[in-house]
Amino acid sequence: MHATRTKAPPFRKTTETFRAGAKTLSQRYFISPETFAEERDKIFSRHWVLVGHQTQIAQAGDYFTAAVAGESVVVVRDKRGEIHGFYNVCRHRGSRLVENTDGELSAVIQCPYHAWTYALDGRLIGAPHMNEVPGFDKSNYGLRSANLALWEGFIFVNLADSPAPLQEWFAPLAGKFSQWNLPALRSAKRIDYDVRANWKLVFENYSECYHCPGVHPELSKISPYDSAENDLTEGPFLGGFMRIAKGKSLTKSGNACALPVGNFGDEDFRFVFYYSIFPNMLLSLHPDYVMVHQLQPQSPERALIFCDWFFHPEAAGVTAPGYRFDPDDAVAFWDMVNKQDWHVCELSQQGISSCVYEPGPYSARESIPAAWDREYLRHIG
């Protein structure tokens, strides 16, 4: 199963300089409704936002809905296998078309109000009695498209009028994660979390392990907090890797729980990679699974987080001596760690809301949160 390779880890540490004097963001960035509205306008309405993975809609007619900057978008696969994104709005009188969060459509999208009917590629194909309206042309009333594109099997939506192509945005990461076979992986479990904290606190928390000894004792036993090294240290893509104790995996049992997701050398089984992808994706790459957090900011003090655990598509059907497929082992471990993180994020939100809060100094082990803040401020202005 494994290619022979000797170098480790696959990514080399990039020289980074801690910027002395870096401090946390001002209070208004965490509690202000005006700032939250500005984020929706300048970030979530203009950037490529993660909404799902292609395996969620494997067959023609499969769909899910996604909330992006206050808009509802229907993501659907048509009969030719192409994936589309449409605003969830009927072109007749504006009714919401699809109410469920996911499901399967027979062959069309039909408005529940007046039965205007659309093909899966967005064309209006049925409009009762509209043939009685002089000059009405169905070709002028197809569903409004949202910009949609795929990166490594993940589906992104951009609500801007003319955004830069997704390939340009992700050009710095071209080929970086090819070992993990991300387009082919399948989610075995999703857990939704409702976190009473600003979405930026989740990114900042994810981007450092300064807090790990006290907050994550179970994680620290398997992956030492001081083993972190970073190879992306500036810009919209940030992160690096940490060591895993020899013969261990980040699971409740400490044992590998699935077939490797890619072709790794033995040494590569001793690293886990963590990357934040601006503005709403956290990508955690393990040898035996991949974990993805998708963030949906709800208010200045609340965020929804959808966490998926992805595995090799054939992992469940493989039988071999010493091998086991137990995704719950990984899910249980990270559900525990996630809840530990959300708790301290909520404590941070509560403290930042105090009248005595003022920005505090980042430590030398928090260079990535400081870099994330710089990138955020670059976009928010």
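In which sense do strands E12 and E13 pair, and over how many bridges? The views below come from a predicted model.

**View 1. Strands E12 and E13 form a hairpin.** E12 covers residues 229-232. E12 and E13 pair in the antiparallel sense, over three bridges. Glu229 faces Phe241 of E13 across the pair, standing opposite that residue. Four residues lie between the two strands of the hairpin. In this hairpin, Gly235 takes a positive phi near 105°.

**View 2. Strand E13 also pairs with strand E14.** E13 spans residues 237-243, and E14 spans residues 271-277. Their pairing is antiparallel and runs over seven bridges. Arg243 stands opposite Phe271 in E14. Six of the seven residues of E13 are buried, so the strand is largely enclosed by the rest of the structure.

**View 3. Helix H4 is mostly covered.** This helix takes in residues 199-206. Eight of its eight residues are buried. Among them are Trp199, Phe203 and Tyr206. Lys200 and Glu204 are buried too.

**View 4. Helix H8 is largely enclosed by the rest of the structure.** H8 runs over residues 367-380. Of its 14 residues, 11 are buried, so the helix is largely enclosed. The buried residues include Pro369, Trp372, Asp373, Tyr376 and His379. How far apart are the end C-alpha atoms of H8? They are 20 Å apart. At 1.5 Å a residue, the helix should span 20 Å, so the two values agree. Gly381 follows H8, with a positive phi near 85°.

Methods. Residues numbered from 1 in each chain as written. Predicted model: local features only at pLDDT ≥ 70, side-chain atom pairs only at ≥ 80, totals over all residues. Heavy atoms only, no water. Buried < 20%, exposed > 50% of the residue type's maximum accessible area, 1.4 Å probe, protein only. Pairing = 2+ DSSP bridges. Expected span 1.5 Å × (residues − 1).
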